[in-house]
Amino acid sequence: MFTPARVRLLFVTCIALFMAMLDNLVLGVALPSIQKDLGATLTDLEWFMNSYTLAFAVLLIPFSVLGDSIGRKKVFLAGVVVFTLGSLLSGLSDTSIGLILSRALQGVGGAAIVPLSLTLVNSAFPPEKRAAAIGLWSGISGLGLSVGPLVGGLIMEGAPWQMIFYVNVPVGVIAFVLGLKWLEESRGIRKPLDPLGILLLTTGLFGIIFGLERGNSEGWGSTTVVASMAAGGLLLLLFYFWERKRKNPLVRFDLFRRKEYTFYVFAGFWMNAGVFGAIFLLTLFLQQAQGNTPLGAGVREMAWTTMTMIAAPLAGLAISRLGNRNVLLSGLLFQAIALTWFALLIQAKGFDFPFIEMLGPMMLAGTGMGLSFTPLSHGLISSVPEDATGEAVGIGNATRELGGVFGIAICGLIFQSGAVISSPHDFAKHVVPSLAVGALMMAISFLAIAIFVKRRSKTALAA
């Protein structure tokens, strides 16, 4: 199964993947230092984070399709170069606008690395062995995303904030050099360039995501938010009608006629909405209510992230015995129970209780996350034709990214609910309903798979 060539491919794709996923959240703990050093405003701080997310999310689908057309290795390695350059420029930035633009460049590179790393892994393994390989990929992806705050805290303990970006440079160089030597080229369906379609898709997604990210800070009824989301929705509608007329559309909407594919996409959106809305608030709870430092909060969250790293590869192995559907349902159920457990614990104890009482739900949530990541990715790929995997991965990743932004926005809205959070007691009181909503989102994902994905389907047995 794991021949030397496949091990080398996994090594190259996974170190680049880890680097790209890590930078989603690694910057958060360094924001106070950056603000002081660059004289940044609060709006600047938000854009240091959001510029990466926006560029990353809106380009996932175009780069996935481009990889199918001109070569996945080419697009993947180009993404590594762009991400590494963005990291170097971020470290060298001495103005807020410079850092914002450099972070956006990182997001452009990450949008090529993440989906193309998965399609490269998928194409290198035979169908019966893919679940295990995707399990390893999912474990690295989840680990990179989850340990961002911890890694950032460790670096900030003894180094300037620029090191958060500089550490990516040697990793990027290694990934590029080894990728040139070790990766084999693969392709999907070659499609003609569609500039208008790409423009409509990317600007439409930008409008929706920008509106979601600005909703809590500017008000959901503000002109900026309403106009952004309305324009985004209109542009995506125009994209749909434009693509329906084309012989070789950028996105094959006929994929959504496949019920299982549609509900894997749907479930991925709601799972990310629930889990990332909860992680966002629990990280704040550990710091602002329980008084932990950013590093201390990151260390405590290792209970969550370590279980994700362990469970994701095991999920890949379990799929061959239990089926894709059953493994995914287990993961979603564990996460729903864990988020409910968190809500009940904080409702009963407030903010003043030892961390050991959070250990159980954290480990359960991490296990569920690991058991969900792998079958979600495997289900997307297994439920579409071989030549459509690029599009399937791009749509799935973009939808899950959108779900994460949506979940943070909605959970944050419920948390604030027009009130002033002025004490740890207030924080604990207001975080409970938000966590309950996160559990509800997870339940929606669970029910979608339980009802609409067949018990013993081709997808479930493909591993």
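**Note on aromatic contacts in the predicted model**

1. Phe263, Phe266, Phe269, Trp270, Phe406 and Phe452 are joined by ring pairs into a cluster, where rings of Phe, Tyr and Trp (its six-membered ring) pair if their centres lie within 6.5 Å, and planes under 30 degrees apart count as stacked, over 60 as edge-to-face and the rest as tilted. The structure holds 19 aromatic pairs.

2. The pair formed by phenylalanine 285 and phenylalanine 353 is stacked, because the ring centres are 6.2 Å apart and the planes stand at 25°. Since phenylalanine 285 belongs to helix α12 (residues 259-289) and phenylalanine 353 to the loop between α15 (324-349) and α16 (356-382), the pair ties together parts that are 68 residues apart in sequence; helices here are DSSP runs (H or I, at least four residues), numbered from the N terminus. Both phenylalanine 285 and phenylalanine 353 are buried, that is, under 20% relative accessible area (1.4 Å probe, protein chains only).

3. Tryptophan 304 and phenylalanine 342 are also stacked, with ring centres 6.1 Å apart and planes at 10°. Tryptophan 304 lies in helix α14 (residues 302-322) and phenylalanine 342 in helix α15, so this pair ties together parts that are 38 residues apart in sequence. Both tryptophan 304 and phenylalanine 342 are buried.

4. The charged end of arginine 6 sits over the ring of phenylalanine 125, 5.2 Å from its centre, the criterion being NZ of Lys or CZ of Arg within 6 Å of the ring centre and within 35 degrees of the ring normal. Arginine 300 lies over the face of phenylalanine 355, at 5.9 Å from the ring centre.

5. As the model is predicted, local features need pLDDT of at least 70 and side-chain atom pairs count only at pLDDT 80 or more, whereas totals for chains, interfaces and linings use all residues. Residues are numbered from 1 along each chain as its sequence is written, and side-chain values use heavy atoms, with hydrogens and water left out.

Methods:
Helix = DSSP H or I, 4+ residues; strand = E, 2+ residues; numbered from the N terminus. Buried < 20%, exposed > 50% of the residue type's maximum accessible area, 1.4 Å probe, protein only.
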